Amino acid sequence: MDDDLAAPVVWRLVGGNNRGLGQGGSGQSDLAACRAAVKELSAAVSLSRPVVGPSELSGLWVWRLEFDGRSIAVSVRSYLRQRECRYSLVNFLDAVPRARLTTGLVAMPVRREPRLTGAQQPGAGAR
């Protein structure tokens, strides 16, 4: 099945309600490399450096975990408020030690950050 993958493979950690808590910081070439990235996350999560800040594209808040100069995990979505983003990061960090690797593969469309329209300004309400 690895040979049939046309796009990069990215792992995603989901909660009990099947909502995304976080995902890989970069796409992998195949499932084996993706599984290796998950194992690296498990081993490095306590040594990683969390970073919370506004997205360069939208001004909305996002988080990432950095390890060895790379982003090993990123938020699944962006947030209007910094406190919501930090709460999401804490939930992700709490879930990683309990996470189990599944054998299934779910194809999902590539998600893009929502575009701001009209009078909304990047970062509005991001306090």
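At 65% relative accessibility, Asp 68 counts as exposed. Here is the scale behind that word: exposed means over 50% relative accessible area, buried means under 20%, and partly exposed covers what's in between, using a 1.4 Å probe and protein chains only. The structure is a predicted model, where local features need pLDDT of at least 70 and side-chain atom pairs count only at pLDDT 80 or more, while totals for chains, interfaces and linings use all residues. Residues are numbered from 1 along each chain as its sequence is written, and side-chain values use heavy atoms, with hydrogens and water left out.

Back to Asp 68, which sits in the loop between S4 and S5. This residue is not a glycine, yet its phi is positive, at about 55°. Asn 18 is another non-glycine with a positive phi, this time about 70°. You'll find Asn 18 in the loop between S1 and S2, and with 60% relative accessibility it counts as exposed.

## The overall layout

The protein chain has 2 helices and 5 strands. Both kinds of element are DSSP runs numbered from the N terminus: helices are H or I with at least four residues, strands are E with at least two. Reading from the N terminus, you get the order β-β-α-β-β-β-α.

The chain has 127 residues, and 32% of them are buried. It exposes about 8900 Å², with carbon and sulfur atoms supplying 51% of that; these areas come from the Shrake-Rupley method with a 1.4 Å probe, and for residues only the protein chains shown count as cover. A contact means heavy atoms within 4.5 Å. Among contacts in the chain with a separation of 6 or more, 54% involve residues 24 or more positions apart.

## Strand S2 and its partners

Strand S2 covers residues 20-24, and because 4 of its 5 residues are buried, S2 is largely enclosed by the rest of the structure. Strands count as paired if DSSP finds at least two bridges between them. S1 and S2 run antiparallel and are joined by 3 bridges, with Val 14 standing opposite Gly 20 in S2. These two strands make a hairpin with 5 residues between them, and that is where Asn 18 takes its positive phi.

S2 also runs antiparallel to strand S5 (residues 70-74), to which 2 bridges join it. There, Gly 24 has Ala 73 in S5 as its bridge partner.

## The aromatic cluster

How many aromatic pairs does a search of the whole structure find? The search turns up 2. The rings of Phe, Tyr and Trp (its six-membered ring) pair if their centres lie within 6.5 Å; planes under 30 degrees apart are stacked, over 60 edge-to-face, and the rest tilted. Trp 11 and Phe 92 make a stacked pair, at 6.3 Å centre to centre with 20° between the planes. Trp 11 lies in the segment before strand S1 (12-14) and Phe 92 in helix H2 (residues 82-95), so this pair ties together parts 81 residues apart in sequence.

Trp 63 and Phe 92 form a tilted pair, because their ring centres are 4.9 Å apart and their planes meet at 40°. Trp 63 belongs to strand S4 (residues 61-67) and Phe 92 to H2, so here the linked parts are 29 residues apart. Trp 11, Trp 63 and Phe 92 form one aromatic cluster. Trp 11 and Phe 92 are both buried, with Phe 92 at 0% relative accessibility, and Trp 63 counts as buried at 2%.

## The nonpolar core

A nonpolar core is a set of buried Ala, Val, Leu, Ile, Met, Phe, Trp, Tyr and Cys residues joined through side-chain atoms within 4.5 Å. The largest one has 23 residues, and those touching the most other members are Trp 11, Leu 13, Leu 41, Trp 63, Leu 65, Ala 73 and Phe 92. Helix H1 (31-44), S4, S5 and H2 each supply at least two residues of this core, and H1 gives the largest share, with 6 residues.

Take Leu 13 as an example: leaving aside residues up to four places away in sequence, its contacts include Arg 19, Leu 21, Phe 92 and Ala 99.

## The cysteines

A disulfide is a pair of cysteine sulfur atoms within 2.5 Å, and by this rule the count is 0. Cys 34 counts as buried at 7% relative accessibility, and Cys 85 counts as buried at 0%.
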